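Subject: Structure handover

Dear colleague,

Here is the structure for your files.

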Amino acid sequence: MSPTLTDASPVANSPVANDSLAVLERTRSTAETFGIPLAVLAELTHRCPLQCPYCSNPIELDRANSELTTDEWKKVLSELAEIGVLQIHFSGGEPTARKDIVELVQHASDVGLYTNLITSAVLLSRDKLEALADAGLCHVQISFQGNEPVVADRVGGYRGGHAKKLDVARWTRELDMPLTVNAVMHRQNLHQLADIIQMAVDLDADRLEVANVQYYGWALKNRAALMPTIEQIDDTTRIVDEARIRLKGILDIDFVVPDYYALRPKKCMGGWGRQFFNISPAGKVLPCHAAETITGLDFESVRSNHSIAWIWQNSEAFNRYRGTGWMPEPCQSCEFKEVDFGGCRCQAFALTGDAGNTDPACTFSPRHEEIFKLAEIESSEGADRFLYRNFRGGTLEDDPHGR
């Protein structure tokens, strides 16, 4: 049995004991301050029929034989509901590549979770979508790469994909499920933004995400072909502002200026380990979707002996960049440090080699001017060839578990 540590104990005043007490206090503080987030992103698989050049999944994808089984995912979903999570967002890869997707949605509904399907839509049939609706699916989010097939199918690397997305979007509304259009924007499709907004209206979408590409993971390899010009960003801002006024009460539009042109960093995922977490296909619990791009961090798994609640509160990876104590200058003395919580750690790592550095999207970063100039140069050079992402972690047919 370990000795009891008291203020009067010489052991309690030793450096090791002080460190231990600090860890215990941090654990209590973490639980009280952050609690359990409302939403979790469940990446069911990295398998995907598309080859998007802006893919934000890790360079090394989880193979099909490492994916959580149906029963493991059900256990995870039950545990999430028990600890207070309200929303589960099924994603991938392409989540409908899993043969058990209807079963998982049904279980999530049974334990009281609000369910959202984040999908490319190209594998869905009307019957499968209707089965998902009957299982309790609450919301559908479909990614679009343009407003017409020539651009959209080229970007996604999937012939006939755009037409299928339109079909699934219409079926979604016919089945009376809310619809979000996720428009992934970059230099080679921003000229279609006004038409994409109209497409979202015509599809009777509730919400449109004007989602500018984030440059980490595979997308970093295609940055020169994707980076928008400053003129495009100015036009985008004007088009979105006008559409928000014109379509008020008809379509909600979310838009964030691309990081390389921003003056202030985003409050990425609500802050590291504050409001959200992600579970990878193989069961790793991550502070954000792209956290595995940061080398040197070890992430706990739902297959370990620890509960998800313990991982959220106590794991070193979650606590590394939580709050503000980790911040260097100029972040530490910045008046915005509890507004943006230092911005994106994955971007800081991708651009500076150290996830603890100031996010270069911030004007106070010593690297900000450098990345702004880089964006201007790359966007003006006009590179248009994509390095497509070919899935190497398995195909839709090689899942050994038959999911």
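What follows is a short account of the nonpolar cores, the aromatic pairs and the charges over rings. Please keep in mind that this is a predicted model.

In soluble globular proteins, nonpolar side chains tend to be buried together. Here the largest nonpolar core has 60 residues, and the members that touch the most others are I88, F90, I197, L208 and F277. The element that gives the most to this core is helix 7, residues 193–202, which supplies five residues.

F277 is worth a look in the viewer. Leaving aside residues up to four places away in sequence, F277 touches P37, A39, V40, L41 and L80, and also V285, L286, P287, I308, W312 and F318.

Aromatic pairs

How many aromatic pairs does the structure hold? There are eight, and two of them are described here.

Are the two partners buried or exposed? Y261 has a relative accessible area of 7% and is buried, whereas F372, at 25% relative accessibility, counts as partly exposed. The cut-off for buried is under 20%.

The other pair is W272 with Y321. Their ring centres lie 5.4 Å apart with the planes at 90 degrees, so this pair is edge-to-face too. W272 is in the loop between strand 7 and strand 8, and Y321 is in the loop between helix 11 (316–320) and helix 12 (337–340), so the pair ties together parts 49 residues apart in sequence. W272 is buried, with a relative accessible area of 9%, and Y321 counts as buried at 9% relative accessibility. W272 and Y321 form one aromatic cluster with W326.

Charges over rings

Two tryptophans are listed here with a charged partner. R322 lies over the face of W312, 4.6 Å from the ring centre; W312 is also one of the residues that F277 touches. The charged end of K221 sits over the ring of W218, at 5.3 Å from its centre.

Regards

Definitions and conventions. Residues are numbered from 1 along each chain as its sequence is written. This is a predicted model: local features need pLDDT of at least 70, side-chain atom pairs count only at pLDDT 80 or more; totals for chains, interfaces and linings use all residues. Side-chain values use heavy atoms; hydrogens and water are left out. A nonpolar core is a set of buried Ala, Val, Leu, Ile, Met, Phe, Trp, Tyr and Cys residues joined through side-chain atoms within 4.5 Å. Buried means under 20% relative accessible area, exposed over 50%, partly exposed in between (1.4 Å probe, protein chains only). Helices (H or I, at least four residues) and strands (E, at least two) are DSSP runs, numbered from the N terminus. Contact means heavy atoms within 4.5 Å. Rings of Phe, Tyr and Trp (its six-membered ring) pair if their centres lie within 6.5 Å; planes under 30 degrees apart count as stacked, over 60 as edge-to-face and the rest as tilted. A charge sits over a ring if NZ of Lys or CZ of Arg is within 6 Å of the ring centre and within 35 degrees of the ring normal.
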